[in-house]
Amino acid sequence: MTLSLQGQVAFITGGGSGLGAAAARRLAADGAIVAINDLSMEAAKKVADELGGLAFAFDVTDSTAFQNAVDTCVTQLGRLDIMINNAGIAPQDAASKMDLVMDNMGKRMAGNISDMEPTNYLLDLSDENWDRMIKVHLYGTFYGCKAALKHMQPQRSGRIINISSVLGLYPAAGAPHYSVAKAGIITLTKSVAAEVAALGINVNAVCPGYIRTPLLTPFSETMMAGITMRIGKGRLGEPEELAEMIRFLAGPESEYCTGDVFSVSGGYTG
């Protein structure tokens with residue numbers, strides 16, 4: 001191990017569990033000091049204490065709280081080198097419709113298109129659910145980029161890694177709000193990357209497939225079986241596998257990568 005991130009400071013949102021925690025452990029293994037954000041201070045502190053880092057509890061949709069936490073991190077640790085905008089939520093309303101989706105799939109395969117029933121994903125999507133999904137993912141990433149650039153631009157260096165999704169590349173019929181939010185992250189990433197590339201700051205997006213994290217807890221067994229059928233590898237990904245891509249983008253090996261989108265999906269076909 002080369003400790004090639006020795007002395008660098010990384011701020012990770014949604015780092016109290018799942019992919020964020022795995023990324024924190026991977027960066028810390030190469031010498032980075034990590035600051036962990038989560039809605040739960042207990043969750044954030046557990047990972048931060050394990051890795052000798054800092055813990056911050058706030059909602060990423062709160063721009064003032066986000067900026068204050070990053071400013072505090074820089075005050076205490078002296079700098080900010082890596083920002084990972086990872087915090088996210090899963091659609092909570094798709095699992096209840098999975099039986100109907102599977103029934104419709106059978107009718108489609110049999111050629112009985114006219115017998116398929118409407119799933120009403122969009123019609124049943126409330127304003128509140130739409131707003132919350134967009135704000136956590138897209139606004140949260142926007143606020144994270146702003147908070148990071150405040151410190152990265154003066155030092156003329158840094159890495160921003162935004163976690164999108166394969167559903168940002170292949171929108172899902174059952175999750176229009178999630179798909180839109182994740183696609184927006186890709187566009188935001190490219191726009192910010194073009195703005196700050198000359199300042200020595202790289203901004204990239206990672207599009208995970210279906211990863212074994214707590215976000216999948218609401219999904220039924222039937223739903224997971226349907227998803228797995230569309231993954232070339234025939235299995236879910238592990239958080240540690242995604243963490244390797246994040247480590248690559250955080251380190252010197254990815255110097256020529258900016259405004260780029262990296263899909264890590266196990267061959268998910270959409």
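Reader: In this predicted model, is cysteine 145 buried or exposed?

Author: A residue counts as buried when its relative accessible area is under 20%. The relative accessible area of cysteine 145 in this predicted model is 3%, so cysteine 145 is buried.

Reader: How many disulfides does the structure hold?

Author: A disulfide requires two cysteine sulfur atoms within 2.5 Å. The closest cysteine sulfur to that of cysteine 145 belongs to cysteine 207, and at 14 Å it is too far for a bond. Seen from cysteine 207, the closest cysteine sulfur is that of cysteine 145, again 14 Å away. The number of disulfides in the structure is 0.

Reader: Is cysteine 207 buried or exposed?

Author: The limit for a buried residue is a relative accessible area under 20%. Cysteine 207 has a relative accessibility of 0%, so this residue counts as buried.

Reader: Which element supplies the largest share of the largest nonpolar core?

Author: This core has 29 residues, and those touching the most other members are Phe11, Phe56, Phe66, Leu80, Met83 and Ile160. At least two residues each come from strand E1 (9-12), strand E3 (54-57), helix H3 (63-77), H6, helix H8 (176-196) and strand E6 (201-208). With 7 residues, the largest share belongs to H6.

Reader: Which residues does isoleucine 160 touch, not counting residues up to four places away in sequence?

Author: Isoleucine 160 is one of the residues that touch the most other members of the largest nonpolar core. Beyond four places in sequence, isoleucine 160 touches Met83, Asn85, Cys145, Ala148, Leu149, Met152, Asn202, Val203 and Asn204.

Reader: How many residues are in the second, separate core?

Author: Members of this second core include Ala23, Leu27, Ile82 and Cys257. The core is separate, and its size is 27 residues.

Reader: Which helix gives the most to the lining of the largest cavity?

Author: The structure holds 1 cavity of 30 Å³ or more, and the largest cavity has a volume of about 50 Å³. Its lining consists of Thr13, Val60, Phe66, Asn85, Asn86, Ala87, Val136, His137, Gly140 and Thr141. By class, 4 of the lining residues are nonpolar and 6 polar, with no charged residues. The helix giving the most, with 4 residues, is H6 (residues 127-155).

Reader: Which residues does threonine 213 touch, not counting residues up to four places away in sequence?

Author: Threonine 213 lies in the loop between E6 and helix H9 (221-228). With a relative accessible area of 17%, threonine 213 is buried. Beyond four places in sequence, threonine 213 touches Gly18, Leu19 and Pro239.

How values were computed:
Residues numbered from 1 in each chain as written. Predicted model: local features only at pLDDT ≥ 70, side-chain atom pairs only at ≥ 80, totals over all residues. Heavy atoms only, no water. Buried < 20%, exposed > 50% of the residue type's maximum accessible area, 1.4 Å probe, protein only. 1 Å grid on protein atoms, 1.4 Å probe; cavity = no way out; pocket = protein on both sides within 12 Å on 5 of 7 lines; lining within 4 Å. Points joined across faces, edges and corners; volume = space filled by probe spheres on them. Nonpolar A, V, L, I, M, F, W, Y, C, P; charged D, E, K, R; others polar. Core = buried A, V, L, I, M, F, W, Y, C linked by side-chain atoms within 4.5 Å. Contact = heavy atoms within 4.5 Å.
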